[in-house]
Amino acid sequence: MVVLSWWLSLATICLYICWRDYKCRIISNASVFFLGALLTSSCFVHGSQIQILNTLVLLIPGLFLWKIGAFGAGDIKLICTFSLLIKPDLLFLTVVIVMLLGGVEALLYTLIKSINPASIVHDGLPFAIPIVCSGVFSIVASI
């Protein structure tokens, strides 16, 4: 029962983050904190190990990408939070999946914007969607 409630909590937080990023282009610190707390609790629920080095490997280039304006700070916080539970050998695959899904999302947004420009009300992409999809996939593969 604890495992099921853990997965349901993860799904709820992830859907909230995706919806909020889609509607407002905001990934709040509170939602990232709750996600981090839930992922950390996986040590007790699943016996997972926290991968601090993964977080640092993504945080350092992520800060550079944020500084040049390629990604938002919320996107960097989100992928670093997911990287807490991703095994080191799956980290590169996770980043590749994020970029591929982000590319598909960018193509879809470009197509939608060319057909109906009024339907896109915010600039930028809601990059939480590919981050959450690849993060959950990688966590499932890591557990």
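**Reading the helices**

Modeller: In H1, the buried residues are Trp6, Leu10, Ile13, Cys14, Ile17, Cys18 and Asp21. Buried means under 20% relative accessible area, exposed over 50%, and partly exposed in between (1.4 Å probe, protein chains only). This is a predicted model: local features need pLDDT of at least 70, side-chain atom pairs count only at pLDDT 80 or more, and totals for chains, interfaces and linings use all residues. Residues are numbered from 1 along each chain as its sequence is written, and side-chain values use heavy atoms, with hydrogens and water left out.

Colleague: How should I read the spacing in such a list?

Modeller: An α-helix has 3.6 residues a turn, so residues three or four places apart point the same way.

Colleague: Which helices do the buried residues of H1 pack against?

Modeller: Contact means heavy atoms within 4.5 Å. The partners are H2 (29-40), H3 (42-45), H5 (73-82) and H7 (128-142). Helices (H or I, at least four residues) are DSSP runs, numbered from the N terminus.

Colleague: What does H1 span from its first C-alpha to its last?

Modeller: The expected span of a helix is 1.5 Å times one less than its number of residues. H1 covers residues 2-24, 23 residues, and reaches 32 Å, close to the expected 33 Å. Arg25 follows H1, with a positive phi near 60°.

Colleague: How do H1 and H7 cross?

Modeller: Axes are lines fitted to C-alpha atoms, for helices over the stretch in contact, and angles run from 0 to 180 degrees between N-to-C directions. The axes of H1 and H7 come within 9 Å and cross at roughly 160°. H1 and H7 are therefore roughly antiparallel (an angle over 145 degrees). Trp7, Cys14, Ile17, Cys18, Asp21 and Tyr22 in H1 meet Ala128, Ile129, Val132, Val136 and Val140 in H7.

Colleague: Which residues of H6 are buried?

Modeller: Leu90, Leu91, Thr94, Ile97, Val98, Gly102, Glu105 and Tyr109. H1, H4 (52-67), H5 and H7 are among what covers them. H6 itself (residues 88-115) has 28 residues and reaches 41 Å, close to the 40 Å expected.

Colleague: How many disulfides does the structure hold?

Modeller: A disulfide is a pair of cysteine sulfur atoms within 2.5 Å. The structure holds zero. Cys133 is in none, with the nearest cysteine sulfur, that of Cys18, 6.0 Å away.

Note on methods: Helix = DSSP H or I, 4+ residues; strand = E, 2+ residues; numbered from the N terminus. Parallel < 35°, antiparallel > 145°, perpendicular 65-115°, else oblique.
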